[in-house]
Amino acid sequence: MENNQIRYYKPFVGPFDPCPPIRLKSFSTPPQLFIPFQPPNLPQFSPIEALKYGTLWPSLFSPYDSKNTRQEAGD
Amino acid sequence: MSAVLNEDYYKLLHELQAIDFVLVELNLYLDTHPNDTNAIQQYNHCAEIRHQIAYQYETKYGPLKHFGQSLSGVPWSWNESPWPWQV
């Protein structure tokens, strides 16, 4: 399931970096960043699904996968 | 405490946990949308369902809470194992 909420950026890598460089970094942009005020009567999950997905409203769901699985996806 | 590890015990607990989560979500939503009557109706409806599920659980498996928040059977058993984190 491709997670389209993940964005990537390449940090600057300099010759005098103290540690081995991290060439690609990622961050998640969940839906609530783009919804200033939650509209009423959004479609809802069933209780069991809501518990599984961690939110009552599918439009606000954000998978938030673990970081290391994102690495390959971004290359 | 009757047999704890049977299917129905966990099913009831799962339903209770799910309905509690829905109530938390609706509560947080209503904090910022006090006039949303549909959400308030759903909140009250879910609260009733939660009450039924909790009552159903407590009649079979003992009290969920103490200090008067749950009815108790005989013998007094709220402090018996298994505790919630052991289940």
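Where in chain B does Pro75(B) lie? Pro75(B) is found in the segment after α2 (37–61) of chain B, where helices (H or I, at least four residues) and strands (E, at least two) are DSSP runs numbered from the N terminus.

The model is predicted, so that local features need pLDDT of at least 70 and side-chain atom pairs count only at pLDDT 80 or more, while totals for chains, interfaces and linings use all residues. Residues are numbered from 1 along each chain as its sequence is written, chains are lettered from A and ligands numbered from 1 in the order in which they are written, and side-chain values use heavy atoms, with hydrogens and water left out.

**Chain A**

Chain A has two helices and two strands, and from the N terminus on its elements run β-β-α-α. Of the 75 residues in chain A, 25% are buried, a word that stands for under 20% relative accessible area, with exposed meaning over 50% and partly exposed what falls in between (1.4 Å probe, protein chains only).

Gln5(A) sits in the segment before β1 (6–9) of chain A and counts as buried because its relative accessibility is 13%. Thr29(A), in the loop between β2 (25–28) and α1 (47–53) of chain A, is buried as well, with a relative accessible area of 7%. Leaving aside neighbours within four places in sequence, Thr29(A) is in contact (heavy atoms within 4.5 Å) with Gln5(A), Arg7(A) and Phe34(A), and the residues that Gln5(A) touches under that rule include Phe27(A), Pro30(A), Phe61(A) and Pro63(A). A polar atom of the side chain of Thr29(A) lies 2.8 Å from the backbone oxygen of Gln5(A), and a polar atom of the side chain of Gln5(A) lies 3.1 Å from the backbone oxygen of Phe61(A).

**Backbone features**

Asn41(A) is 36 residues from Gln5(A) in sequence, and the two are 24 Å apart in space, C-alpha to C-alpha. In chain B, a cis peptide bond with omega of about 0° joins Val74(B) and Pro75(B), and the peptide bond from Ser81(B) to Pro82(B) is cis too, with omega near 0°. Pro82(B) has its place in the segment after α2 of chain B.

**The interface**

The contact between the chains takes 14 residues from chain A and 14 residues from chain B. About 1,200 Å² is buried between chain A and chain B, with carbon and sulfur atoms giving 69% of that area; buried area here is the accessible area (1.4 Å probe) that two parts lose on being put together, summed over both. In chain A, Ile48(A), Leu51(A) and Leu56(A) lose the most area to chain B, together 38% of what that side buries.

Zero salt bridges are counted between chain A and chain B, a salt bridge being a side-chain nitrogen of Lys or Arg within 4 Å of a carboxyl oxygen of Asp or Glu.

Technical notes
A polar contact is a pair of N or O atoms within 3.5 Å; within protein, one must be able to donate a hydrogen and the other to accept it, and residues adjacent in sequence count only if both atoms are side-chain atoms.
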